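Subject: Structure for you to look at

Hello,

Here is the structure I promised to pass on. Please open it next to this message and follow along.

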Amino acid sequence: MVKIGYLGPRGTFTKLAVDTAFNGEDKHSFETIPECIDAVQENRIEIGVVPLENAIEGTVQLTVDYLVHQVRLPIIAEIVVPIQQHLLVSPNFSGDLSNLEEIHSHSHAIAQCHQFIHKYMPEATMNFVSSTGKAAEIISKSNKNIAAIGNKLAAEEYGLRIYQENIHDYPNNHTRFAVLAKNEDIVKIKHDKQAEKTSLLITLPSDYAGALHQVLSAFAWRKMNLSKIESRPMKTGLGNYFFIVDVNQPYDEVLFPSVQAELEALGCKVTVLGTYPVYQMDI
């Protein structure tokens with residue numbers, strides 16, 4: 001049976017994405033994103049699923065940086081799921097919002113609910129933890145007047161009550177999850193794909209005027225649509241960056257090799273992080 005790892009514990013949005021995309025596999029939770037990625041690299045699991053980007057809070061920088069600087073695993077697929085954040089409390093809690101002294105959750109989840117917290121719970125203390133599932137676990141073991149921000153799965157897994165549904169600030173909130181594996185043949189997602197994408201890592205030569213413009217021009221004149229371009233520090237000194245570029249088409253044997261050749265002629269280094277299907281999930 002294929003072993004799948006995910007950012008845990010039970011009740012995280014990553015677990016929700018895994019349950020939606022895969023059925024019947026042997027699923028293992030990890031406390032951190034690096035632990036999950038390392039497990040794939042060390043062959044302790046075959047597939048790892050980690051958050052990549054949220055529509056509101058942007059890129060999960062730990063995932064990108066770890067895949068670039070520490071462990072190079074190919075992205076085999078992308079899962080996109082809607083995010084619905086709820087305020088979770090102990091079933092024994094009988095007060096109102098003003099009685100809740102602390103809110104526990106992942107930093108992204110708390111940021112996604114900023115307006116609700118500011119309006120109804122401005123005095124509550126924010127406590128950032130590794131995941132929404134971990135936050136729910138903390139609430140389930142506490143007798144204090146505290147709450148978690150998480151999903152319905154977390155409420156069910158830890159026996160919590162949903163005090164207020166849909167407290168996120170924006171309704172069109174989605175998160176992209178990267179499916180990582182050394183062998184793409186073992187990744188079986190039983191859903192129809194909505195698109196295909198190729199992600200590239202591009203390192204510019206020493207900074208000179210117009211370098212980024214020349215890079216983008218290599219895609220533009222070939223009419224290759226870019227859905228994302230993001231810079232991240234190389235961690236080699238101030239002003240040194242690499243770029244992650246998502247192209248809305250699968251890798252082929254004509255356009256992409258010619259783009260790579262053109263960019264390398266400019267002194268750039270190009271690495272294909274993955275060419276993969278995209279699955280939009282309804283939860």
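Is F256 buried or exposed? F256 counts as buried, because its relative accessibility is 1%. Keep in mind that this is a predicted model.

**Aromatic rings**

Stay with F256 for a moment. Searching the whole structure turns up three aromatic pairs. One of them joins Y251 and F256: the ring centres are 5.0 Å apart and the planes meet at 25 degrees, so this pair is stacked. The cut-off for stacked is planes under 30 degrees apart. Why give two numbers? A pair of aromatic rings is described by the distance of the centres and the angle of the planes. Now look at the other partner. Y251 has a relative accessibility of 29%, so Y251 counts as partly exposed.

R10 places its charged end over the ring of Y158, 4.7 Å from the ring centre.

**Salt bridges**

How many salt bridges does a search of the whole structure find? The count is 16.

- D19 and K27: the closest N and O atoms are 2.9 Å apart. D19 is partly exposed, with a relative accessible area of 27%. K27 is partly exposed too, at 25%.
- R176 and E53: these side chains meet at 2.3 Å, N to O. R176 belongs to strand β11 (residues 174-181) and E53 to strand β3 (residues 47-54), so the bridge ties together parts that are 123 residues apart in sequence. R176 has 11% relative accessibility and therefore counts as buried.
- R232 and D65: the closest N and O atoms lie 2.4 Å apart. This pair also links distant parts of the chain, 167 residues apart. R232 is in strand β13 (residues 226-233), while D65 is in helix α3 (residues 61-69). Both R232 and D65 are buried.

Start with the stacked pair of Y251 and F256. Then move on to R10 over Y158.

Best wishes

Methods: Residues numbered from 1 in each chain as written. Predicted model: local features only at pLDDT ≥ 70, side-chain atom pairs only at ≥ 80, totals over all residues. Heavy atoms only, no water. Phe/Tyr/Trp six-rings, centres within 6.5 Å; stacked < 30°, edge-to-face > 60°. Buried < 20%, exposed > 50% of the residue type's maximum accessible area, 1.4 Å probe, protein only. Lys NZ or Arg CZ within 6 Å of the ring centre and 35° of its normal. Salt bridge = Lys/Arg side-chain N within 4 Å of Asp/Glu carboxyl O. Helix = DSSP H or I, 4+ residues; strand = E, 2+ residues; numbered from the N terminus.
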